[in-house]
Amino acid sequence: MGLLRRWWRQRLLRRHPLADGDWQAVLQLLPLLDGLDPQELQRLRERCVLFLHDKHLTALPGVELDPHGRLLLAAQAQLPLLHLAELDWYQGFHEIVLYPDDFVSPQRHRDASGVVHEWEAEHSGEAWHRGPVILAWPGVQASGGWDGYNLVIHELAHKLDMLNGDANGLPPLHSQMRIEDWAAAMQGAYAQMNAILDANPHAETAIDPYAAENPAEFFAVTSEYFFSAPDLLAAAFPAVYAQLRAFYRQDPLQRLQRLQAEHPDYRDTTKG
Ligand code: ZN
């Protein structure tokens, strides 16, 4: 990081200190941060301040957005970036719009034979290419546990995916990662899920069947599980887990297992 940028960041952090009470209150609401070490928590805390300074949160009527809520959103948004270096991973957008509820949005898909299908779908989140991220506030509030659901991480994973073009399930990989390994892991698991759902659309799948929608959703949904149900993801698709571990440079499964070793009923007592 350049000297000037570091100075600017330090100045910003000094001018906008985060009250201890606010931070502790938000940690209580986010079991998926349990087990982070003090250094990680300190980094997360600073990055929340910077994130909230950098992004504009627009709350539509019906959304009560207080400082806790802002922090609740920021902490989940910054968890995936905790061990990523200084590249501005959330670049290219400035606004996060919070809707009071799920919303209907027009969908368009051109199929293999060239026919364009249009329909309306109900969504709790959307990430627009070079545009804002939209989140239904109840979805943000329901996120944060170890239950495989995290709207914030899901939509922001789409933003990571879009850093190198269209959302296609391939974010910019680190130089020591191999695109072939990524593709083999992701495509294998994706094909496996689609085969199961083609045979029986109501089949029980190991992870949310929405992952089988397209490769971009597969990356977003598996990112969601990576942080909020790493045991389910690693058991179902170990190669996918390994690729995401290399990409995010974190091991939430190890963290969860450590928490469970310390408190055998750990997960049952958390939200979700
Ligand atoms: Zn999505």
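## Terms and basis

A residue is called buried under 20% relative accessible area, exposed over 50%, and partly exposed in between, with a 1.4 Å probe and only protein chains considered. The model is predicted, so local features need pLDDT of at least 70 and side-chain atom pairs count only at pLDDT 80 or more, while totals for chains, interfaces and linings use all residues. Residues are numbered from 1 along each chain as its sequence is written, and side-chain values use heavy atoms, with hydrogens and water left out.

## Helix α1

Trp8, which lies in helix α1 (residues 3–15), counts as partly exposed because its relative accessibility is 40%. Helices here are DSSP runs (H or I, at least four residues), numbered from the N terminus.

## Zinc site

The zinc ion has as protein donors (N, O and S atoms within 2.8 Å of the metal, or 3.2 Å for Na, K and Ca) His154 (NE2), His158 (NE2), Glu217 (OE) and Glu217 (OE), which lie 2.1 to 2.6 Å from the ion. Water is not among the atoms, so the site may look incomplete. Along the sequence, the spacing of the donor residues is H-x3-H-x58-E. His158 in helix α6 (residues 151–161) and Glu217 in helix α8 (residues 215–228) are 59 residues apart, and this pair links distant parts of the chain; both His158 and Glu217 are buried.

Thr205 is placed in the loop between α7 (179–199) and α8, and Thr205 counts as buried because its relative accessibility is 17%. A polar atom of the Thr205 side chain lies 2.8 Å from the backbone oxygen of Ile207.

Conventions. Helices (H or I, at least four residues) and strands (E, at least two) are DSSP runs, numbered from the N terminus. A polar contact is a pair of N or O atoms within 3.5 Å; within protein, one must be able to donate a hydrogen and the other to accept it, and residues adjacent in sequence count only if both atoms are side-chain atoms.
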